[in-house]
Amino acid sequence: MNGATNHLNFDAVVVGGGVAGGEAALNLASNGYKVLLVEKELSIGGKMIMLSKVFPTLDCAACITTPKVSEISRHPNITIYTGSEISNINKIAENNFEVTVVKQPRYVVVEDCTACQLCEQACPVSVPDQYQYNMVGRKAAFIPFSIASPKAAAIDIESCVLCGACEKVCPTHCIDFTQEVQTLQIDTKTVILATGFKLFDPLMIPRYGFGMYKNVITSMQMERELAPTRPFNTVLRPGDGKVPDKIAYVLCTGSRDATVGNPICSQICCMYSIKQAQLLMGALPMADVTIYYINIRSFGKGFEEFYQQAKGMGVNFVKGKIGKISEQDNGNLTLRYEDINEGILKEADHDMVILSVGVLPNKDASAFFSQDELQLDPYNFIYQTDELVSPARTSIPGVFVAGTASGPMDIPDSILSAGSASSEAISYLINGQ
Amino acid sequence: MEIEKGKTFKYLKEKREVSQQAKDGLKEFNRIKKAILDALKEGELTVIQLSEKLNMPRPEVVYYLMSLVKYGFVATGEVDDMDEYFTYKIKQ
């Protein structure tokens, strides 16, 4: 863990351990460069590792992510810091960056943890599980999720009551409450920003009732309900544990909506909603699924066929804009919407509503740089200074962007973008020699 | 302070106070856990039945019940004839 050393050298620092950052790190490492991968969460794998399946192939997301993540973890040229954030990046000269990383204590010596889960069983505390989007609890001593990497326990110190039960049962004595915050100085020759995106928070649209009506959930919560490592035994309404049979999707929640400050299309919501609709029809064969949309944007390879397949399976597509969602006494929901084709207002009842939340920029990266300015585009994604010729280039030479940090895109495009960023970073490293 | 392996929590206890929120949260969880497990001792119940019996909002029952399933205290029973509500029982 390099805990004792506080000045380290790497060829490249990759910020963000999601699918794009992981791919970029792997490409650099496979070409012989020493890479530091910095991830703020307790596990690498980003948002993809939380997904059920991917569109349009319906491949299991975990089955694709897990081998990749373990390849990244095992690679001799990659050092991973989880639970760590960049506090500063200073460009001294070309091929010479100083990076300050703040590493939060995990209170567990990762190398010694066998993921036996005895600490989890012993811990008396239960708090909402952020990795299940708060639909179920987790302990204060916990393994983030079953396919996490590193698969090791961590202590949520804010919720911990310091009872010592976890330490008492730990067979390898890997729990260590003496760990402290570490500030590490890194010298590197290039930086790749793969800081990803944030999901739109539907609390910003109070008329949809999210937060107030428990049977209105986000698409990411439904993604968890459909995943093999799901929070419930099957797909259930969080409001009363009922197996839903009339499910509605509200597309463009927080996308293409200037009133919430995000006028652009998120590019992935149409397809992930169609994917979830198909998975729901598989999980709940008697269920009716309706997708309320403005336009279906099935622009990628195999997307239109995937859309037609959903229609063929009986998914109901309604071109309609939702005005308001209200709750009935039994927890069912009434959707008031404008039927765009007919130009009239209509109402429909559903017993569960999924808000297909959009992609928002993660603005963290611009604050990393104290000397140089990392330019953002008009929508606050990282600006690509030469998008057509050299798409990974940013306003700071030697700093490259990979994946959704530069704008909404799906998983294959994120991986392509990471390929481009790592290639450009390698060229930059070679030119600097 | 001397640090003893396997008892390092004592070290942190000297340095840091446990938040009132964490203490209250633990008390609340223990209270609800006991209430749910006591209610299920008499037989299998659905979320709605538990909610009525414990006078507790249904979404809260779902959250705590599913947590107890995850922690291994409660098991999922059968679904009703309408395929709508599962029952839940004490895990043997």
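Modeller: Helices and strands are named here as DSSP runs counted from the N terminus, a helix (H or I) having at least four residues and a strand (E) at least two. The model discussed below is a predicted one.

Colleague: Between which strands of chain A is the place of A:Asn95?

Modeller: A:Asn95 has a phi near 60 degrees, which is positive although the residue is not a glycine. A:Asn95 counts as partly exposed because 17 C-beta neighbours lie inside 10 Å, and a buried residue would need 20 or more. The loop that holds A:Asn95 runs between strand S6 (84–93) and strand S7 (96–103).

Colleague: Does A:Tyr133 count as buried or exposed?

Modeller: A:Tyr133 also has a positive phi, of about 50 degrees, and is not a glycine. It is placed in the loop between strand S8 (127–128) and strand S9 (137–138) of chain A. The cut-off is 20 or more other C-beta atoms within 10 Å; A:Tyr133 has 20 such neighbours, so it counts as buried.

Colleague: Which residues have the most contacts inside the largest nonpolar core?

Modeller: In soluble globular proteins, nonpolar side chains tend to be buried together. In this model the largest nonpolar core contains 134 residues. The residues with the most contacts inside this core are A:Val35, A:Ile192 and A:Ala402.

Colleague: Which helix of chain A gives the most to this core?

Modeller: The core in question is the largest nonpolar one, with 134 residues. One helix of chain A, spanning residues 269–283, gives the most to it, with 8 residues, and that helix is H6.

Colleague: How many residues are in the other core that lies apart from the largest one?

Modeller: The largest nonpolar core has 134 residues. The core apart from it includes residues from both chains, among them A:Tyr133, A:Val243, B:Leu45 and B:Val61, and its total is 22 residues.

Colleague: How many residues does the contact take from chain B, and how many from chain A?

Modeller: The model scores ipTM 0.96 and pTM 0.96. The contact between the chains takes 32 residues from chain B and 28 residues from chain A.

Colleague: Which element gives the largest share of the side of chain B that touches chain A?

Modeller: The elements giving two or more residues to this side are helices H1 (9–15), H2 (20–41), H3 (47–54) and H4 (58–70), together with strand S1 (74–79), of chain B. The residues of this side divide into 17 nonpolar, 7 polar and 8 charged. The largest share, 7 residues, comes from H4(B).

Colleague: Among the elements of chain B, which has the highest mean pLDDT?

Modeller: Chain B has a mean pLDDT of 95, with 98% of its residues at 70 or more. Among its elements, H1(B) has the lowest mean, 92, whereas the highest, 98, belongs to H4(B).

Colleague: What is the radius of gyration of chain B?

Modeller: Chain B has 4 helices and 2 strands, in the order α-α-α-α-β-β from the N terminus. The globule rule gives 12 Å for its 92 residues, and chain B is well over this, so it is more spread out than a compact globule. Its C-alpha trace spans about 65 × 25 × 20 Å along the principal axes. The radius of gyration of chain B is 18 Å.

Colleague: What radius of gyration does chain A have?

Modeller: The secondary structure of chain A comes to 8 helices and 22 strands, and 51% of its 433 residues count as buried. A compact globule with 433 residues would have a radius of gyration near 22 Å, and the value for chain A agrees with this, at 23 Å.

Colleague: What distance separates the centres of domain 1 and domain 3 of chain A?

Modeller: Domain 1 of chain A comprises residues 1–104, 181–196 and 362–433, while domain 3 comprises residues 200–359. Their contact takes 13 residues from domain 1 and 19 residues from domain 3. Taken over C-alpha atoms, the two centres are separated by 32 Å.

Colleague: Which residue does a cis peptide bond join to A:Phe55?

Modeller: Omega of this bond is about -5 degrees.

Key. Residues numbered from 1 in each chain as written. Chains lettered and ligands numbered in written order. Predicted model: local features only at pLDDT ≥ 70, side-chain atom pairs only at ≥ 80, totals over all residues. Core = buried A, V, L, I, M, F, W, Y, C linked by C-beta atoms within 7 Å. Buried ≥ 20, exposed ≤ 12 C-beta atoms within 10 Å, placed from the backbone. Contact = placed C-beta atoms within 7 Å. Nonpolar A, V, L, I, M, F, W, Y, C, P; charged D, E, K, R; others polar. pLDDT = per-residue confidence, 0-100. Domains from an automatic or database assignment. Rg over C-alpha atoms; globule rule 2.2 N^0.38 Å.
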